[in-house]
Amino acid sequence: VKAALCVPFEIEGGGHGVVYHDNSHKKDCFEHFDMSDLVRITSSLADYVAHVVRLNRQLEKKTSEKLTRLWQSNASEIVSEDRPMLEILGQVDQVAASDGTVLIMGETGVGKELFAHRLHKMSTRNDRPFVVVDSTTIPETLVESELFGHEMGAFTGADQQKAGRLELANGGTLFIDEVGEIPKSVQVKLLRTLQEKSFVRVGGTSTLHSDFRLVVATNRDLAEEVAAGRFREDLYYRINVLPFTIPPLRERKKDIPLLARHFLVRYATRYSRPKLTLAEEDEAKLMAYDWPGNVRELENVMERTVLLSTGEDLDFRLPADGRSVSGSLFSGYPTLNEVQRRYIEIVLESVGGKISGPGGAAEILGMKRSTLDNRMRKLGLR
């Protein structure tokens, strides 16, 4: 270096910076600058940096407010008269005020996210964001970026800096749904973050800190996943601090008519059908069904019932009504997802529940085992 220019400046609202440039070819390359020129340059730069900082703060505030509004709009009361379920709710309320990591286990559709909402609502962080990460909806290659964020240019398509979900959850609750789906390469980084409460964005060098309460959920047996080598043992012990298992709907039959009436009122009000009521024979029909999709399936059935009912008579179209392909697939003008769900059920029944291998459901459907597993989870199938 033969010449160097180094001019400090101060940013409005706090913070300092330096304009630095060096030259290895000439000694007198900066002599034509006078003090007024340098002051003008650094002043303009300081104004620009201050403007960027203000925009970033406004964006973070809007994101936080949006996430809080989203949590408030999605939050629902958990409805139950089942004694074991009420005991679990009491335990959840008891630990809500702590910052201990909570692991919620249960089949697809039992309402694990509602329990996570309840934990947040009952905690001291309830005025801060409730940030959701659904691992099943994020491509495997983007999970790390979604969790930790990325810097501009970190990978193809990263045209701007992005804050990750961990960063957005600062001060609030981070809920990771289906934590067992997180790739093992990302599990290492997540474990380190949980231990140190700090992380680095993808492609970044600066260490960031986030104070969040972690709640995770899974429909898998994580102990089995650890034994099979698909989930890190150290991460399993780190998140298995306060475990809760939500029983499936078929094990709490008393809640079926209670939930059915709850959803009936909700959708009858939404679709202006206030005269619809649940009769005893309707309750008996609902109680006789096994509800493999749990509460989510019951809610879908009640919404469809409200929409298809005429007058004051409820028109139930349970998936178990009829088993012929022509009768069960298309009865009641089902949605495309419902048609897929019914057809997969029929194929599984025809092969005795065999999913992979020769003659298995995956082979008949022309799908990979992993693809069929993901599709079944999304459709509420066991």
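Entry on the helices over the sheet. I looked up helix α2 (residues 83-95) and found that α2 lies across β10 and β11, running at about 155° to β11. Helices (H or I, at least four residues) and strands (E, at least two) are DSSP runs, numbered from the N terminus. Axes are lines fitted to C-alpha atoms, for helices over the stretch in contact, and angles run from 0 to 180 degrees between N-to-C directions. Contact means heavy atoms within 4.5 Å. I then turned to helix α3 (residues 112-122), which lies across β3, β4, β7 (173-177) and β10 and runs at about 155° to β3.

I note for the record that this is a predicted model, in which local features need pLDDT of at least 70 and side-chain atom pairs count only at pLDDT 80 or more, while totals for chains, interfaces and linings use all residues. Residues are numbered from 1 along each chain as its sequence is written, and side-chain values use heavy atoms, with hydrogens and water left out.

Entry on the sheet itself. I traced an open sheet of five strands in the order β4-β7-β10-β3-β11, with parallel pairing; two strands pair if DSSP finds at least two bridges between them. β4 (130-134) and β11 stand at the edges, each with a single partner strand, so one side of each is left without a neighbour in the sheet. On average, neighbouring strands of this sheet are turned by 15° against each other, direction ignored.

I followed strand β3 (residues 102-105) to its partners. β3 pairs with strand β10 (residues 213-218) in the parallel sense over four bridges, and Met105 has Thr218 in β10 as its bridge partner. Four bridges also join β3 to strand β11 (residues 242-245), again running parallel, and there Ile104 stands opposite Phe244 in β11.

Entry on α2 against α3. How are these two helices set against each other? I found that α2 and α3 pack at an angle of about 40°, with their axes 8 Å apart. That makes α2 oblique to α3, since angles under 35 degrees count as roughly parallel, over 145 as roughly antiparallel, 65 to 115 as roughly perpendicular and the rest as oblique. α2 passes α3 in a right-handed crossing; a crossing is left-handed if the near helix is turned anticlockwise from the far one by less than a right angle, and right-handed if clockwise. Met85, Ile88, Leu89, Val92, Asp93 and Val95 in α2 meet Phe115, Arg118, Leu119 and Met122 in α3. I sorted the residues of this contact into eight nonpolar, no polar and two charged, where Ala, Val, Leu, Ile, Met, Phe, Trp, Tyr, Cys and Pro count as nonpolar, Asp, Glu, Lys and Arg as charged, and the others, Gly among them, as polar.

Entry on α9 against α11. Helix α9 (residues 255-270) and helix α11 (residues 294-308) pack at an angle of about 45°, with their axes 9 Å apart. That makes α9 oblique to α11, and α9 passes α11 in a right-handed crossing. From α9, Ile256, Leu259, Ala260, Phe263, Leu264, Arg266, Tyr267 and Ala268 meet Val295, Leu298, Glu299, Met302, Glu303 and Val306 in α11. The residues of the contact of α9 with α11 divide into eleven nonpolar, no polar and three charged.

I looked up Glu303 of helix α11 separately. Leaving aside its neighbours within four places in sequence, Glu303 is in contact with Tyr267 and Tyr271.

Entry on α13 against α15. Helix α13 (residues 336-350) and helix α15 (residues 369-378) pack at an angle of about 125°, with their axes 10 Å apart. That makes α13 oblique to α15, and α13 passes α15 in a left-handed crossing. The contact is made by Gln340, Ile344 and Leu348 of α13 and Leu372, Arg375 and Met376 of α15.

Entry on the rings. I found that the structure holds five aromatic pairs; rings of Phe, Tyr and Trp (its six-membered ring) pair if their centres lie within 6.5 Å, and planes under 30 degrees apart count as stacked, over 60 as edge-to-face and the rest as tilted. The rings of Phe148 and Phe199 have their centres 6.1 Å apart and their planes at 50°, so the pair is tilted.
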